[in-house]
Amino acid sequence: MASKLLQLQSKASQASQFVAKHGTAYYKQLLEQNKQYIQEPATVEKCNELSKQLFYTRLASIPGRNEAFWKELDYVKNLWKNRQELKVEDAGIAALFGLECFAWYCAGEIVGRGFTFTGYYV
């Protein structure tokens, strides 16, 4: 057990050294590649303006997303009406999707508990 811990500690040290050595170069490269998205000058007013633009753009997209939701719901209702014609392949995909949703729910619960499996901290 102690040897595994030493190996893990060694690998973590190597990873942190790699990030320390190459992290700034990656950061500069990332900023250079995406400089068209950077707003100059970076002022509080500009940040407030961008946040308002994002908020109202999202607000304006609600009707389209609402329409897409109702289309999807109608599709699921149609599938349920014609469930005798449902192929095993489609049912398997739906079951896997449900299982994935449940797994993400469980992961969220574990994170919410502070990465414990037993319960919440009091």
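These are my notebook entries on a predicted model.

**Ground rules.** I number residues from 1 along each chain as its sequence is written. In this predicted model, local features need pLDDT of at least 70, side-chain atom pairs count only at pLDDT 80 or more, and totals for chains, interfaces and linings use all residues, while side-chain values use heavy atoms, with hydrogens and water left out.

**Domains.** I looked up how the protein chain is divided, and found domain 1 (1–82) and domain 2 (87–121). The bounds come from an automatic or database domain assignment. I noted 22 Å between the C-alpha centres of domain 1 and domain 2.

**Helix H1.** I found Leu 6 and Lys 28 in helix H1. Helices here are DSSP runs (H or I, at least four residues), numbered from the N terminus. I looked up whether these residues are buried (under 20% relative accessible area), exposed (over 50%) or partly exposed (in between), using a 1.4 Å probe and protein chains only. Leu 6 counts as exposed because its relative accessibility is 56%. Lys 28 is exposed too, at 59%. The C-alpha atoms of Lys 28 and Val 76 are separated by 47 Å, and the two are 48 residues apart along the chain.

**The loop.** Pro 41 lies in the loop between helix H1 (2–33) and helix H2 (44–60). I checked the peptide bond from Glu 40 to Pro 41 and found it cis, with omega near -10 degrees.

**H2 against H3.** I looked up how H2 packs with helix H3 (residues 62–81): the angle is about 35 degrees and the axes are 4 Å apart. Axes are lines fitted to C-alpha atoms over the stretch in contact, and angles run from 0 to 180 degrees between N-to-C directions. Arg 58, Leu 59 and Ala 60 in H2 meet Ile 62, Pro 63 and Arg 65 in H3, where contact means heavy atoms within 4.5 Å.

**Rings.** My search of the whole structure gave 3 aromatic pairs (ring centres within 6.5 Å; planes under 30 degrees apart are stacked, over 60 edge-to-face, the rest tilted). One of them, Phe 55 with Tyr 56, is edge-to-face, at 4.9 Å centre to centre and 80 degrees between the planes. Phe 55 counts as partly exposed because its relative accessibility is 48%.

Methods
Phe/Tyr/Trp six-rings, centres within 6.5 Å; stacked < 30°, edge-to-face > 60°. Helix = DSSP H or I, 4+ residues; strand = E, 2+ residues; numbered from the N terminus.
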